[in-house]
Every structure is written in structure tokens, then in C-alpha cells.
Amino acid sequence: MGAPTLFTHTNPTTTTPFLSQPIEVCVGSLHNIPLGEGRAYRVGSETIAVFRQRNGKVFAIQNECPHRGGPLSEGILGAGSVICPFHAWKVNVETGECVSDPCTLRTYPVRLDGESIYLKVEA
Amino acid sequence: MNPQQNSRPYSNSERKQKIVVIGNGMAGARAAEEILSRQRDTVEVVIFGDEPYGNYNRILLSNVLTGSQDAKSIFLNPLSWYVENDVTLHAGVRVTAIDRENRRVCGTNGVSETYDTLLFATGSRPFVPPVEGVDKGGVFVFRTIDDCAHIADWAKNCETAVVLGGGLLGLEAARGLLTHGVDVTVLEAAPYLMPQQLDVEGGKILAQTMEAMGVRVLTSAKSVKVVGSSDVEGVLLADGTTLQCDMLVISCGIRANLELARESGLQTERGILVDDQMRTADPNVFAVGECVQHRGATYGLVAPLYEQARVVADVITGVNPNAGYHGSRLATKLKVMGVELASMGRMADAQQGDEIVTYSEPGHGVYKKIIVRGDKIVAGCLLGETDTASALMSLYEKNDDCPVRRADMLFGKASQAGGDDILTLADDALLCSCNQVTKAKVIEVIGQGKTSVLSIGGCTKAGTGCGGCRGLVQQCIEAFAGNVAPDPSANWYVPGVPMSKPELVAAIQAKGLKSVSAVYQALAGGKDDPASKPGLASLLKSLWHDEYIDERDSRYINDRVHANIQKDATFSVIPRMFGGITSADELRRIADVADKYNVPMVKVTGGQRIDLLGVKKEDLPAIWNELGMPSGHAYTKAFRTCKTCVGTEFCRYGVGDSTTLGVKFEKRFQGVEFPHKLKMAVSGCPRNCAEATVKDIGVVAIETGWEIVIGGAAGSRVRAADLLARVGTHDEAIRIVGRFMQYYRENAKYMERTAAFVERLGIEPIRDVIVNDTEGIGERLDREIQAAVDAYIDPWSEANEPVHPKQFNALIPLEPVLATSKR
Ligand code: SRM
Ligand SMILES: Cc1cc2nc3c(=O)[nH]c(=O)nc-3n(C[C@H](O)[C@H](O)[C@H](O)COP(=O)(O)OP(=O)(O)OC[C@H]3O[C@@H](n4cnc5c(N)ncnc54)[C@H](O)[C@@H]3O)c2cc1C
Ligand code: SF4
Ligand code: FES
């Protein structure tokens, strides 16, 4: 166990510089994501959760839960937040703010072009 | 960190009083809370804490060590509290020097802060006796969250442990180690356990109780050396014997952390010396908590330090500069090894001529002793039975006269005389001694509409210390909340829709709402609260059956992919093995699947079947197909397993065919959903090898047929099931069981297991409805459960007909051609 893993937060401010400047990446069709759910995508060295809310809004956020690394893309989505499937921490998918703990997750601007989802990933 | 960054801009021209607290433990953080509750606008609070966390409830570390509580659940002030209250916390920073002349404290990492007022709350540390070898690996103390983690970690590879010190903490450490499967011996130098609180006889009785629980106790044992090469291998005792052990926990008392105060020129003896205002000789420097020595006394319990925190806050903020702390008469309920113990004063203070009232029942671990001097209680202990504790502690703390009939102090409920009956308890009696909350205070907030133990704790702090008083608070609610309007949201079925279950059901039916999103649109202004989705889905499905519009995003991940998510985001697959019976052919298929898909673990579960753990989400459909067995529903709120024993088929004691009946149950009810999971078992005779009496529904063969029991549990709380009915045949058993199932489906709250359900309704009323059909709904219940049985579809059939093409994808590969464009 060592130091209790409970308190090791994945530091949200360390971005992995896999690209030197902001670029847009197409991650594919909206219809790959069931309505109201999320799915994960691997872009460079990042795993990004993309959510398709019932009201049509699409959000992209780091997939890793700041608590113990649960996959947020498998969580329950609604009212702009996702609940982690592991221990129910709640994260605002729009701002990246974690409601259960004072920290902020990486978010990625989303642009829809027809059915295609584009994410802006920054270095 | 740059210290300049920490001084925040002042909103008005007047400078705020800056209070720096050293120590972010139970006293320091509480003092900060008390200060802020008095003066939020004119003070700025900065706290240094050596431990890199927020403030947690140290008392509950014992529960963390036993695993009965998660470390996360014991936080009193999580990091967010500091942010919300504008308190600067230097977590993980130790103060190393104080310059009182320039009013500045310096900490590690170059952090420094100036102050107007300084508050020491440095607490204490475990005393480690200067015995040779205590620096070896595997030697621990027990004080912090990190200590807990290290002890638990080391215990994993240990068989034997020694705890040095038989006081409260030593015994709690021993209990904690026991739950890690380690053989524990407690060494106490005094001739009996808990020499602070007990006397010889009480200590011996406690030792017996502990031995019965599996902890070895050696008293009058002086250790002279820790032996071993680099790690501890044993403890050498003064009598020349060596006790082998793989780890050693030292719990020999505490020493105040006073060095920093002493180095900065403040007066110290056993603690930092303070006056009745908790002030040191320097008028700008105060101290509270275990690091303090007040009127010659130091304290090692939370109640006095909470009182000190109130006084210091009154004085520092100027709300009441004359507030005074006058010392505490220590009375506490302790929680040793699950043994009940209340203690006040010190037994050793008995003098000649004192009146001694005792009762001793060693066979049952009960020992009670009160020392009375001139009608006042000097000291007392209640071991093994504490029903009179609150009344007695109240007498002691207020220094009131004891009852003329002394026996009233010792005996509670059985004799109906003076026990902790909430109605007879005086209004100013303390319910919560950790936080000094009186019965009157609790009744007052009940009057304001707080009607749950949690919400009462929220505004009075009752029950948030050691938790020992929660039962009394509950009794208070039951006795006094009769006509109080409770917090409305406490009755909402889910947090996101402001309606009780009956209101919600009525609205859903009136408006014909058949999907979760329709409910949000019609009843919650379109706000689709994610936390409420599964509860709503469960309710809608039970109301509309096949008319229900199933939106998969309302399901928890387990129910979207019909498998249980694991800590590494893989899944587990548990196929059905009806009644725990399998065949060579099934086992062969399981083995083939395990090989082909590199399943990391194949495990026999506690539910008499086989679990394939560590399966990739993408492999689930293929595995289900190749197993050719139906889903075991181990991931959802539905019928789980029916365990069986071999019964009359093979067992020489069997009086009923338990395997056949168990298989019938499981075939019939598989897949039926409930408010929570539901487990069954059938035993072939009252020896009950299938453990039917701790299942949600159990069936036990007797000479004349079958006994049906309900409401058993064997999880975090064990509850023996209650007898519902005796029947003659398999068919009758199936009918009664099905009837109860439907009744539970209709009347339980979401996530209420049968144990809680049966306790809430009572077994008699349930029996009336199910067996005697007093409400005349028996046949309807039978029909409804039959409909649920008929609607069964194996969810694993989605292997071939997924509801969405990407249902079983965790990661979606990017499109082959990356359409990237610079912007
Ligand atoms: C696999 C199994 C342990 C094993 O290796 O044997 C197991 C595994 C889990 N149990 Fe269990 N329980 C298993 C038998 C039990 C039993 C024993 C039994 O069924 O006879 C009990 C006590 C009986 C009872 O239910 O009263 C049991 C009481 C619980 C509880 C209830 C705690 C409580 O508050 O009383 C939970 C938590 C819950 O339901 O909320 C739980 C929750 C869990 C979860 C689902 C935790 C979770 O949400 O991830 C575990 C899934 C592990 C995983 O990653 O797949 N498990 N669990 C057993 C599967 C049995 C099966 O074949 O279906
Ligand atoms: C396992 C266990 C069980 C207990 N059970 C009970 C019980 O049932 N009932 C009861 O009443 N009491 C119980 N206690 C005692 C109770 O926890 C203490 O009385 C209480 O925590 C003391 O509070 P404190 O703030 O004075 O000290 P602490 O809680 O120890 O806090 C002091 C803090 O100051 C920090 N610190 C010290 N020096 C510095 C420095 N120079 N710079 C920065 N930070 C510093 C320390 O790291 C620590 O975090 C128990 C204690 C333990 C360990
Ligand atoms: S399987 Fe059950 S007992 Fe074991 S760790 Fe998981 S929830 Fe706890
Ligand atoms: S990993 Fe624990 S809540 Fe997300």
C-alpha cells in the first residue's frame, strides 16, 4: 500500500506535450457514441472521454478520474456532469471542475461538423 | 511557494487580524472553525499542517485499521473546506522556527508567514521507549493515517505481531491487526490492562474477553530489546524469554509536541503552559489541544480540546475576552475491541474511606465499579455493559449527588431503574461527550426540522466524534420528532426530482411518463441529474414493465454491458450455475474460454459459482457465446444465486431435496429485478450447510416440509433471517417465496436490501399479507411475479444483437485517415 493511494491525485495541470501547437483532430462520427453516454479515444498520448449529452451538447475531457483513475467515459452523464463508475466522484464535463475535490481536469474544445466530432488538443 | 502569494488582498482598507495556526489536527482545525463561526470578515486564518491532508477524525483511525471504514470517510475538513472558507492551508509543511519578536513563523520548503495571533495546536506524538532495536524494520507507531497504511501494508506478509502497551490505543491496534489475519500478542508492563482506566479486577476481566476474541495478553511483561537483523524478529522480555514476531506496534503513551514552543522561549513542562484563556506568557500566542498543559493537567481525549477551542475562539476574536477554560473532568465512552467501556476519573484515585460500589460478572465480561466520596462520584468504570453510562457520566461531569439507591447507577434496562432511557434522561445530560452536546440541544434542532442522525450531526456535531452516541441521537429523534416537519428532501425518492416515492409514482402514472428523460422534462425542468438516473430507471421499469422505454444511458456501466467493472476497468463474467451444480462439460467450456482469452483469474465465488475476472470489455460478447451459459446477474440489482447443500440426494442427514428445490428457484427467478440484489439458499436439514438463514430468502428442510425465512444478511452487518412460514411442498414454497418477492419489489425503497426492509416493516405485518393474505392481494402478487418471470430474457443474448454497434467498445479507434487541420 505505501502511502494511501486515496490521496494521490493525478495532477491535472501537467499536460503531455505530444503536439507543439493547438490542432484539431477528428475523432470520428457522433453516432459512435450512444446518446447520453461517453466513449474514450486515444489521441497522441492522451486518453480523452467524449460525451454526447441528450440535449445535443458534446464535451471532451481527460478520461482519467482524479480520484483513483476510474474511466470517466464509462460513467453516468447528465446536467453537464459525469459520475465516475468507480466511487461516484462527480466532474463537470464542461469546465473540468471536480465537484468532489478541489481540482480541475483537462478539457478539450469540441467542434461539430455535420456528424464529425473535432477536438482541439493543445500542447 | 512564494509567501507573498498567500497574503490575499483585503477587501476594505482595514487590515484583517491574521491568525496563524500550527497543527492541522483535531484541535487546530476545530479552533479555526470556531473562530470563523464568530468572525468571518475581520480575520484571516492560515494553518500549517505537517500531515499532507485536510483534517481527519483521528479517533476513527481504529476503524480504518480494521477496514470497517475507508480512510476517505473519516475526513472532518476535506481540502475543499479550506478553499470554501478562505483558509490558507500549508499542507505537508512543518513549522521549524518562530521569531516572536517579528511575529513570523518559518516552515519547511521556505514557506513563511507573519501573524498577529499565533495558535499552537501541535498535538502529541507516540512515546517510543528507549529500548534497543526499536529502529528496525517492521516496528510501527499508531497515530496517523499514514501509520495505518504502513501497518496494514506490512501486516499483509506477517503471521505474528506484538503490540507493546495494553492501553486503549494498544488494544485498538491489536484489534486492527486481528482483522488482517495476524496472530496478536499484547504486552503490558503493568499487572493488568488499561491501567489508566481500570483496576486489577476490571483489567483481568477485559483480558479474558480479549483472549476469547483471539488476542493473547501478557501482563507484567517488560520488554528489554527488539531482536532481529534488519527487520524485527522478536521481542526479548526481562524474564529472558523471547517472543517471536514479524511486526511490532508500539503504543506506550504520548508525549506533547512542545519542542517548537520551548525553542521559541515559551514555558513548557509536560505541555505548553497556558492560562484559563489558553494564552501562553506571550499575549499574542495561544495553545490548544494535546500539546497544552492547563492547571497542571494534560489531556488525551477530544472532549476537552473541543472546549478549549471554543474558549480560544471567544478570546482571540474578542467575542468574549473573559471566556475561560477551567479544566475537564474526563468521562468517556471508549470503544476497545468492540467491548463496551465507559470510564470516568482514575481508579487509582481511590482513598481510604471511599465508598466502593461494584458488580462483577467475569463469565460475561461484565465489571462495574464506582468510587463514591461524600455522595459524589470520584471515578468509575462500566465494562461490558454500559446502559447507564450517559446518566452516570452526566452525574460525574456536573459533580451532582448520586442516587440514594446506589445500584441504580449500575443497572439499566433490565431493572428499569435509571438506565439510559432517553425520556428519563435529564435535559442537560450529555448525549455526545466528544462534542459536549446535550439532550436539550439535540431536541432543539429536532424542533427546527432536523430529523436524521446525519443532519443533527451537521448542525450540532453530535455523533461526529467517536460515533458512540448515534444510537442515543436516533432514540431522541424517535421520541421527539413525532410532529416535526422533516427536511423535505429526506423523503425524495431521488435527489434530482423533488418528490416522495408515492408523489412521483402518481405523477408518472398521471402523465404517462415512460422514460427517464421524459420524467426529467416533465418533473424536473429538463435538468437530467445523473445521480438520479438509475433510481428512476428502476422505478419506471417496475411501473411500466414492457412499455418502459429503456434509455441505456440511465444505466450504470455494469448494466449496460452485463458485467461488473473492476478496478482496472476490465470486467468480470459470472455465468449461472443453477443451485451451484455444474458438469464436466460446463467446466471444460469455462476452461477453454479462460485459455483462449487469457483470463487472468478464475475464481470460485462465495455464491457457489465461477468467476472469470479481468476480461476486456471487447471480449465480453465472444466469451458469453463460447460459454453457452446464461448470465449469472452478478452485476446488477436482481436475483443473484440460490446456494444449495447436497440434501437428501447424498447427505445422510438430509430430510429435504434441497438441490432440486434450489435449482427450481434459480431457474424460475433468474433475471427478475429487485430494488436491490436478492440472494437465496436452500438447506436440506436444520444443520443449514447452505447458510440459508443469512440470505435474503432462505429455505430450510424440516421433518414436515420446509421453513421459509426472510431478511437475512451476511455482508457488512450480519442479520439472522426471520421465519415467514412453514410449508409442506416445493410448490407451496415457490408460491410463498414468489409472493414475498413481489411484495418486496413493490414496497421496498430503492437500494433497500430485504434485511432493512423486513426490519422497517416488521415480520408480523409481512406474514399477515403474504401467508394470511389479510389484504386480499395474494393472488395479484402471484400474477405480477409470474409476469416478471415470463418476461425473462437472458441479457447475454445481446452478444449477438447489441443495442448499439459500439456497446462493447471501451476505446473507439480514430478514423483511419486523421482529418487534422491547423487552426
Ligand atoms: C465475486 C464475489 C466475491 C468472491 O470472490 O467470492 C463478490 C464480489 C463483489 N461483491 Fe459481494 N461478492 C460475492 C459474494 C458476496 C456474499 C456471499 C454470498 O453471496 O453468499 C456477500 C454477503 C451476503 C449478502 O449479500 O448479504 C456479499 C456482500 C456484498 C455487499 C453487501 C455489503 C452490505 O452492505 O451488506 C456488496 C455491496 C453492495 O451490494 O452494495 C458487495 C459487492 C460486491 C462487488 C460487486 C463490489 C463492486 O461493486 O464492484 C464485488 C465485485 C468484485 C468484482 O470486481 O467483480 N458484496 N458478496 C462473490 C460473488 C458471489 C456470486 O457468485 O454472485
Ligand atoms: C487511534 C486513536 C484512537 C483514539 N481514540 C479516541 C477516542 O475514542 N476518544 C477520544 O476522545 N480521543 C481519542 N483519541 C485521541 C484524539 O485523537 C486526540 O486527543 C486528538 O486528536 C488530539 O488533537 P490535537 O489537535 O491536539 O492533536 P493532533 O490531532 O495530533 O494534531 C496535531 C497536528 O499537528 C501537526 N503538527 C505537529 N507539529 C507541527 C509543526 N511543527 N508544524 C506543522 N504541523 C505540526 C501534526 O502533524 C498533527 O497533524 C485517539 C487517538 C488515536 C491515535
Ligand atoms: S469482493 Fe466483496 S469483500 Fe472483496 S473487496 Fe470486493 S466488495 Fe469487498
Ligand atoms: S476513481 Fe474513485 S471516483 Fe473515480
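Reader: How far is an oxygen atom of ligand 1 from an N or O atom in the side chain of Ser572(B)?
Author: The model is a predicted one, and the distance is computed from its atoms. In this model, the side chain of Ser572(B) places an N or O atom at a distance of 3.3 Å from an oxygen atom of ligand 1.

Reader: Which elements give two or more residues to the shell around ligand 1?
Author: Both of the elements concerned are strands of chain B. They are strand 35 (610-615) and strand 40 (713-714).

Reader: At what distance does a polar side-chain atom of Thr605(B) lie from an oxygen atom of ligand 1?
Author: Thr605(B) is among the closest of the 20 residues that surround ligand 1, as are Gly606(B), Arg609(B), Lys677(B) and Arg753(B). Lys603(B) also has a polar side-chain atom facing the ligand's oxygen, at 2.8 Å. For Thr605(B), the distance is 2.7 Å.

Reader: How many charged residues does the shell around ligand 1 have?
Author: The shell divides by class into three nonpolar residues and nine polar ones, with charged residues making up the rest. The charged residues number eight.

Reader: How far is an oxygen atom of ligand 2 from an N or O atom in the side chain of Arg143(B)?
Author: Polar atoms of several residues lie by the oxygen atoms of ligand 2. A polar backbone atom of Met26(B) is at 3.2 Å, and a polar side-chain atom of Arg58(B) is at 2.8 Å. For the side chain of Arg143(B), the distance is 2.5 Å.

Reader: What percentage of the accessible area of ligand 2 does the protein cover?
Author: On its own, ligand 2 has 1000 Å² of accessible area. The protein covers part of this area, and that part amounts to 96%.

Reader: Is Glu666(B) buried or exposed?
Author: Glu666(B) belongs to helix 20 (residues 658-669) of chain B. Leaving aside residues up to four places away in sequence, Glu666(B) touches several others, including Arg576(B), Phe578(B), Arg609(B) and Cys642(B). Its relative accessibility is 1%, and a residue under 20% counts as buried. Glu666(B) is therefore buried.

Reader: Why do the buried residues of helix 12 of chain B line one face of the helix?
Author: Helix 12 (residues 470-480) of chain B has Leu472(B), Val473(B), Cys476(B) and Ile477(B) as its buried residues. They line one face because, in a view down the helix axis, they fall within an arc of 145°.

Reader: How many of the 10 residues of helix 9 of chain B are buried?
Author: Helix 9 spans residues 389-398 and is mostly covered. Its buried residues include Ala389(B), Leu392(B), Met393(B) and Tyr396(B). Just after this helix, Asn399(B) adopts a positive phi of about 60°. The number of buried residues in helix 9 is seven.

Reader: What percentage of the residues of chain B count as buried?
Author: Chain B contains 24 helices and 43 strands. It exposes about 35700 Å², of which carbon and sulfur atoms supply 50%. Of its 823 residues, the buried share is 53%.

Terms used:
Residues numbered from 1 in each chain as written. Chains lettered and ligands numbered in written order. Predicted model: local features only at pLDDT ≥ 70, side-chain atom pairs only at ≥ 80, totals over all residues. Heavy atoms only, no water. Buried < 20%, exposed > 50% of the residue type's maximum accessible area, 1.4 Å probe, protein only. Helix = DSSP H or I, 4+ residues; strand = E, 2+ residues; numbered from the N terminus. Arc of directions from axis to C-beta. Near = heavy atom within 4 Å. Polar contact = N/O pair within 3.5 Å; in protein donor to acceptor, adjacent residues only side chain to side chain. Nonpolar A, V, L, I, M, F, W, Y, C, P; charged D, E, K, R; others polar. Areas by Shrake-Rupley, 256 points an atom, 1.4 Å probe, with all protein chains shown as cover. Contact = heavy atoms within 4.5 Å.
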